[in-house]
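Please examine the sequence and the structure shown below before reading on.

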Amino acid sequence: MFFNKGLSNSNKIFIHIGEGKTGSSTIQHFLNENRDTLLRLGYYYPKHDVDKNFISSGHEFCLNKLDELLIEASNKVSALILSSESFYGHAKHFRDFCSKH
């Protein structure tokens with residue numbers, strides 16, 4: 001159902017809250033490397049930095065930029081995909097954000 005073309009993706013958010021050592025870097029590497037394909041399918045995964053081993057913290061920078069990222073995704077008529085180990089422990093922040101949208 002993740003790539004269901006029958007649903008409008010605008011204003012949808014998929015949040016991967018990966019606790020450390022659970023394969024999050026592999027998921028983030030895949031999503032980051034396939035950003036163009038995902039966008040064509042209606043999913044916006046904002047670019048993030050990776051180190052020489054393709055390890056990253058994902059979207060740790062974005063907790064204070066959620067509104068801005070959602071607008072970027074909406075402008076692309078896409079669902080927003082975010083992933084970061086640093087999201088672990090911030091469920092209330094995401095709940096509050098989602099409840100206002």
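Is Arg-95 buried or exposed? At 53% relative accessibility, Arg-95 counts as exposed; the term means over 50% relative accessible area, whereas buried means under 20% and partly exposed lies in between (1.4 Å probe, protein chains only).

## Basis of the report

The model is predicted, so local features need pLDDT of at least 70 and side-chain atom pairs count only at pLDDT 80 or more, while totals for chains, interfaces and linings use all residues. Residues are numbered from 1 along each chain as its sequence is written, and side-chain values use heavy atoms, with hydrogens and water left out.

## Salt bridges

A salt bridge is a side-chain nitrogen of Lys or Arg within 4 Å of a carboxyl oxygen of Asp or Glu. By this rule the count is 3. Lys-92, Arg-95 and Asp-96 are linked in a network: the closest N and O atoms are 2.8 Å apart between Lys-92 and Asp-96, and 3.7 Å apart between Arg-95 and Asp-96. Lys-92 and Asp-96 both belong to helix 4 (residues 91–99), 4 residues apart, about one turn of the helix. Helices (H or I, at least four residues) and strands (E, at least two) are DSSP runs, numbered from the N terminus.

Lys-65 also forms a salt bridge, with Glu-68, at 3.9 Å between the closest N and O atoms. Lys-65 is partly exposed at 31%, and Glu-68 is partly exposed at 42%.

## Aromatic pairs

The whole structure holds 2 aromatic pairs. Rings of Phe, Tyr and Trp (its six-membered ring) pair if their centres lie within 6.5 Å; planes under 30 degrees apart count as stacked, over 60 as edge-to-face and the rest as tilted. The ring centres of Phe-14 and Tyr-43 are 5.9 Å apart with planes at 55°, so this pair is tilted. Because Phe-14 lies in strand 1 (residues 13–17) and Tyr-43 in strand 2 (residues 43–44), the pair ties together parts 29 residues apart in sequence. Phe-14 is partly exposed at 26%, whereas Tyr-43 is buried at 2%.

The rings of Phe-87 and Phe-94 have centres 4.8 Å apart and planes at 70°, so that pair is edge-to-face. Both Phe-87 and Phe-94 are buried.

## Helix 1

In helix 1 (residues 24–33), the buried residues include Ser-24, Gln-28 and Leu-31. The face turned away from the buried side carries the exposed residues Thr-26 and Glu-33.
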